[in-house]
Amino acid sequence: LCLNSHCLPCLQPSCFGYPISIFFIVINEFCERFSYYGMRAVLVLYFKYFLHWDDNLSTAIYHTFVALCYLTPILGALIADSWLGKFKTIVSLSIVYTIGQAIMSISSINDLTDSNRDGTPDHIAVHVVLSVVGLILIALGTGGIKPCVAAFGGDQFNDDQEKQRTRFFSIFYLSINAGSLISTIITPILRGQECGIHSKQRCYPLAFGVPAALMAVALIVFIIGSRMYKKVRPQGNIMVEVSKCIGFAIKNRFRHRSKEFPKREHWLDWASEKYDKQLIAQTKMVLKVLFLYIPLPMFWALFDQQGSRWTLQATTMDGNFGALQIQPDQMQTVNPILIIVMVPVVDAVIYPLIKKCGINFTPLRKITVGMFLASLAFVAAALVQVQIDKTLPVFPAAGQAQIKVINLGSANATVQFQPGLKNVTVEPNEAVNYMIFKTSELNSVSVMFGNQAANPGMDLIDGKRQALAVKNVGTNIVAEWLHDNITSKPEEGNNLIRFINNMDQPINVSMGDTHFETLPSLSASNYEAFSRGSKNIAANTATLSCKVSSKTFGFGSAYTIIINGCSGNLLNTAYVEDIPPNTVHMAWQIPQYFILTCAEVVFSVTGLEFSYSQAPSNMKSVLQAGWLLTVAIGNIIVLIVAGASKLSEQWAEYVLFAALLLVVCFIFAVMAYFYTYTDPNEVEAQFDEDEKKQAKKEKDLEKEVETVSRM
């Protein structure tokens with residue numbers, strides 16, 4: 001049954017006992033979380049592949065952004081409680097948020113500065129500046145409204161609607177996970193599309209544009225419900241009062257540091273000259289919990305690397321799941337999917353079983369287990385990385401050259417690297433793998449086909465890969481140096497393909513929609529990037545036109561395709577593998593995601609529950625701010641550890657983070673052992689009782705004075 005405010009002006013519009021206003025708030029939260037997590041899902045790949053930052057810089061800027069998102073809630077809470085109120089704060093900062101998302105979308109438009117239309121931005125600094133401005137505005141927006149939206153939703157209920165309020169928070173949390181899950185599926189798909197005015201590129205403008213549009217929708221929906229909201233006036237921020245109380249206590253203690261002043265039971269008792277005992281007692285309880293928070297940032301340092309290091313790890317893996325092709329940034333969806341499954345399973349099955357076994361699984365023990373599991377997840381990530389590293393190509397260092405020999409001839413070729421460094425024999429249409437030589441030691445190369453021999457000139461480039469293509473033509477030997485210009489694995493799981501014309505006339509080659517330059521006989525094209533799958537190859541000469549379907553390419557490979565001729569209309573080709581495809585499947589990341597999600601369930605959910613149970617009724621916002629601050633500090637720790645470790649191997653960095661968390665886990669376990677649980681309600685009830693007794697005494701005293709005065 002829905003009630004309208006025209007019928008009952010004394011009531012808020014309601015539906016089935018719920019204020020209609022909360023539906024606008026839930027929709028707003030879903031759209032906002034879609035916007036935030038959708039943008040964040042593709043962010044680190046945008047840094048790496050569009051702005052062309054390396055893995056370390058991409059990771060550093062990503063975690064700086066996340067840290068800023070969790071520092072700004074304190075600012076948002078202060079603005080809402082002390083100045084604008086929750087409604088105006090949400091609207092104002094949502095406008096800032098929407099502008100930031102729009103700027104991010106604009107910053108990723110390749111054609112914005114691509115004046116020569118070569119597919120590469122001519123002024124990358126413009127894109128960097130726009131991106132930084134956009135991210136700062138987004139951090140101010142998402143962080144600023146974070147502490148306001150849920151609290152504003154709670155304000156819509158009356159005191160007799162406790163059941164409805166509890167259910168609202170469950171629906172509110174569900175909308176957060178739904179927005180996160182759907183966006184981390186959709187935005188990587190949008191990113192994987194190709195778009196552009198002058199040149200086709202990965203569609204980051206769409207991947208950022210859709211979250212921007214959803215944020216605009218969130219803002220509009222929230223404003224539409226304006227007249228239905230119950231808007232509580234700013235009452236002043238308790239965090240300010242707590243800070244003032246702590247500051248005064250420290251200041252007063254410093255003033256009375258002389259031994260002539262008697263010691264007090266607790267250093268906060270030095271605030272008793274100015275602040276009442278109840279506020280001091282509540283502040284003591286809060287500081288007691290905040291002290292336990294000190295080790296917690298290390299957990300978030302590992303947890304938030306799902307969006308950075310783990311996503312970058314996925315770019316070097318095979319995302320073929322049969323009918324589904326998973327993008328590296330889509331692997332993050334494993335976490336929200338598992339959260340939706342694991343939370344009810346842990347609450348309804350795991351915890352009751354532990355209780356039946358007679359184990360007292362206290363909140364602090366749960367948090368300790370969560371930290372241990374997160375450490376274990378990074379050990380699993382390290383093991384996966386070790387397997388990936390085995391499949392990664394090795395590139396030459398300074399002072400070295402890598403040489404591959406490709407035999408385009410009709411007989412076996414023997415190649416000698418002088419002086420006496422190595423001899424290799426290569427069969428027709430085959431190649432030997434890359435060999436590493438010191439450029440200072442390699443003086444010459446000789447090529448032999450049977451009794452024929454030739455000494456091609458040296459054309460080596462220090463620190464680069466090269467291929468030596470050899471062919472016997474009648475009584476002559478032809479040898480050509482081909483420079484590969486590949487310095488790393490192909491980006492974004494693409495495949496790099498080039499062609500060698502092994503025919504006796506020039507040819508025009510195309511593969512899919514890509515047209516290569518005209519290739520003279522015994523020459524090679526440049527590499528071009530292609531997505532996974534099979535492509536149509538077409539070759540045309542002055543007299544012939546041939547086609548063939550390529551082999552099925554995987555993820556992250558590089559091939560040289562030799563065009564040998566035509567049989568009828570069928571193109572005769574041979575394949576030389578320059579870089580092997582990714583062979584470690586993305587499914588191997590699922591165990592580390594599963595372990596980390598289990599850690600999140602017992603750590604994050606329990607941590608919030610513990611904090612609320614130990615916080616005074618009017619100081620839960622202080623602990624909420626403290627909890628969010630641990631997330632921010634955790635992301636800052638990633639910057640410090642990753643920057644200071646200087647580890648060249650990624651698996652070693654994973655092990656380092658796992659070891660650090662394990663040490664912190666032990667420290668927290670010791671702190672938890674000595675922690676004494678308190679019931680804030682009992683403490684507050686005792687103060688209320690004391691106040692009543694004091695009031696009764698004062699009243700009795702007034703009566704006695706009045707009686708005496710009458711006498």
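This report describes a helix, a sheet, a helix pair and several aromatic contacts in a predicted model.

Residues are numbered from 1 along each chain as its sequence is written, and side-chain values use heavy atoms, with hydrogens and water left out. Local features need pLDDT of at least 70 and side-chain atom pairs count only at pLDDT 80 or more, whereas totals for chains, interfaces and linings use all residues.

**Helices**

Helices (H or I, at least four residues) and strands (E, at least two) are DSSP runs, numbered from the N terminus. Helix 7 (residues 238-255) has 18 residues and reaches 26 Å from its first C-alpha to its last, close to the 26 Å expected at 1.5 Å a residue, the expected span being 1.5 Å times one less than the number of residues. Its buried residues (under 20% relative accessible area, with exposed meaning over 50% and partly exposed in between, 1.4 Å probe, protein chains only) include Ile238, Val242, Phe248 and Asn252.

Helix 12 (residues 363-391) packs against helix 15 (residues 650-673) at an angle of about 170 degrees, with the axes 8 Å apart. That angle makes helix 12 roughly antiparallel to helix 15, a label for angles over 145 degrees, where under 35 counts as roughly parallel, 65 to 115 as roughly perpendicular and the rest as oblique. The axes are lines fitted to C-alpha atoms over the stretch in contact, and angles run from 0 to 180 degrees between N-to-C directions.

An open sheet is formed by 4 strands in the order 10-9-12-13, with antiparallel pairing; two strands pair if DSSP finds at least two bridges between them. Strand 10 (422-426) and strand 13 (452-454) stand at the edges with a single partner strand each, so one side of each is left without a neighbour in the sheet. Strand 9 (residues 413-418) is joined to strand 12 (residues 444-449) by 5 bridges, and valine 415 stands opposite valine 447 in strand 12.

**Aromatic contacts**

The structure holds 36 aromatic pairs, meaning rings of Phe, Tyr and Trp (its six-membered ring) with centres within 6.5 Å; planes under 30 degrees apart count as stacked, over 60 as edge-to-face and the rest as tilted. Two edge-to-face pairs are tabulated here.

| Pair | Centre to centre | Angle between planes |
|---|---|---|
| Tryptophan 310 and tyrosine 593 | 5.0 Å | 80 degrees |
| Tyrosine 673 and phenylalanine 674 | 5.1 Å | 90 degrees |

Tryptophan 310 in helix 10 (residues 309-314) and tyrosine 593 in helix 13 (residues 590-614) lie 283 residues apart, and both are buried. Tyrosine 673, by contrast, is exposed, with a relative accessible area of 67%, and phenylalanine 674 is exposed at 63%.
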